Amino acid sequence: MNIQPAQRISRVEEYYFSRKLKEIDLLRSQGKAVINLGIGNPDLPPAPEVLDELANAAAHPGHHGYQSYVGIPELRKAFADWYRTYFNVTLNPVNEILPMMGSKEAIMHISMAFLNPGDEVLLPDPGYPTYLSVCNLVGATPRTYLLDPARNYEPDLEALAKQDLSKVKLMWVNYPNMPTGATGSRALLEKLVAFGKAHNILICNDNPYSFILNQNYQSILSVEGAKECCIELNSLSKSHNMSGWRIGMMASNAEFVQYVLRVKSNMDSGMFRPLQMAAVKALSLPSSWYDEVNRNYRERREIVFEMMDLLGCTYDPKQVGMFVWGAIPADVESSRALSDKVLYEADVFITPGYIFGERWDTHIRISLCTKVPDLQDAKARIQKLLGK
Ligand SMILES: Cc1ncc(COP(=O)(O)O)c(C=O)c1O
């Protein structure tokens with residue numbers, strides 16, 4: 001027999017963290033107590049009332065069937081209220097919001113709904129690796145744009161506008177930015193909307209980090225006229241410590257939402273109702289919830305800054321989000337080499353920057369999703385490794 005996989009899978013590799021976590025599991029099975037400072041997977045629990053709602057709703061015999069493809073109305077309304085309260089954006093909960101199973105799946109569904117083979121997609125460099133792999137999976141053509149630290153990791157839209165953009169269909173943006181922690185200015189969001197309109201490009205802002213160590217909540221949809229050419233993604237993964245629940249959403253004009261629903265409704269059969277009900281609770285938590293989450297991250301970030309200092313890295317202390325992004329010293333060969341050294345010699349895993357774009361082999365990213373004692377332990381191990 002000769003059963004070959006589809007050609008499209010030769011255009012992607014297994015996700016970096018999927019491979020790396022297997023390696024970490026193997027090291028652990030060999031007795032190495034690896035501290036994983038790689039992935040942005042919140043370790044803190046969701047709010048108690050959210051867990052109560054999930055348990056109570058799951059106990060109801062009528063809550064176990066297939067659900068609506070567009071989510072329960074209460075969830076769409078809760079997302080709309082959340083956007084009004086925190087982002088000053090008005091969304092019609094009937095047809096401008098589509099609950100999704102996380103923003104990662106939304107990236108796939110949006111790409112399936114809008115991209116044809118040969119369409120070009122503007123991708124941030126550095127950027128979340130899924131934008132590139134999904135672009136490749138759907139047969140579109142990736143075209144990266146630089147996020148230069150000298151420009152606060154914002155794109156140079158004037159320079160881009162001088163290039164031939166006739167084949168560009170979609171542009172991924174992500175502010176607050178991962179991995180760089182840049183917030184993105186209001187002026188940038190306004191320029192992006194104007195850029196999308198001028199060049200007939202769909203601008204997709206992936207916005208899961210607004211609430212993490214960031215005071216200024218921003219949505220691209222708050223820019224006048226943005227709904228005509230923009231989609232925004234959001235998620236409860238980071239803001240509500242619910243990454244495993246797989247709850248997110250897309251928001252845009254009703255027509256764009258319909259295009260994505262045409263794909264999505266053929267792929268899944270709705271989200272477990274108790275999860276949706278608990279998500280409604282999460283979205284209506286008081287703002288003190290975010291303060292409490294951030295109190296933890298702020299304390300952790302201080303230790304991660306110290307780790308960066310030990311490693312001789314330079315970083316912006318004002319960056320936001322659940323990671324610290326730093327430039328490695330000039331005399332260190334590469335982020336790969338540094339990450340491997342720290343993993344194999346100190347049993348601490350930190351993410352090498354190259355996974356966000358080859359040129360970022362000059363940087364590393366350390367996650368804040370680890371409790372203080374383990375962060376202290378990781379710091380001590382690095383200190384020992386470096387003989388400091
Ligand atoms: C920039 C960015 N977008 C999307 C996601 C995926 O989030 P979700 O859990 O909502 O799928 C992540 C997760 O790490 C991310 O960093």
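Analyst: Start with one glycine. In this predicted model, Gly-312 has a positive phi of about 75 degrees.

Now step back into the helix itself. Helix 11 covers residues 288-310 and has 23 residues. From first C-alpha to last, helix 11 reaches 34 Å. That is close to the 33 Å expected at 1.5 Å a residue.

Next, look at a lysine. Which residues does Lys-379 touch, leaving aside those up to four places away in sequence? They are Ile-303, Glu-306, Met-307 and Leu-310. Lys-379 itself is found in helix 13, residues 372-386. Is Lys-379 buried or exposed? Its relative accessible area is 16%, under the 20% cut-off, so Lys-379 counts as buried.

Now the wider setting. The domain assignment gives domain 1 as 7-45 + 288-386, and domain 2 as 62-283. The C-alpha centres of the two domains lie 25 Å apart. Across the boundary, 30 residues of domain 1 are in contact with 36 residues of domain 2.

Finish with a helix pair elsewhere in the chain. Helix 4 is residues 102-114, and helix 5 is residues 129-137. Their axes come within 10 Å and cross at roughly 35 degrees. The crossing is right-handed. Helix 4 brings Lys-104, Ile-107, Met-108 and Ser-111 to the contact. Helix 5 brings Thr-130, Tyr-131, Val-134 and Leu-137. By type, these contact residues divide into 5 nonpolar, 2 polar and 1 charged.

Definitions and conventions
Residues numbered from 1 in each chain as written. Predicted model: local features only at pLDDT ≥ 70, side-chain atom pairs only at ≥ 80, totals over all residues. Heavy atoms only, no water. Axes fitted to C-alpha atoms, helices over the stretch in contact; angles between N-to-C directions. Helix = DSSP H or I, 4+ residues; strand = E, 2+ residues; numbered from the N terminus. Left-handed = near helix turned anticlockwise from the far one by under 90°. Contact = heavy atoms within 4.5 Å. Nonpolar A, V, L, I, M, F, W, Y, C, P; charged D, E, K, R; others polar. Buried < 20%, exposed > 50% of the residue type's maximum accessible area, 1.4 Å probe, protein only. Expected span 1.5 Å × (residues − 1). Domains from an automatic or database assignment.
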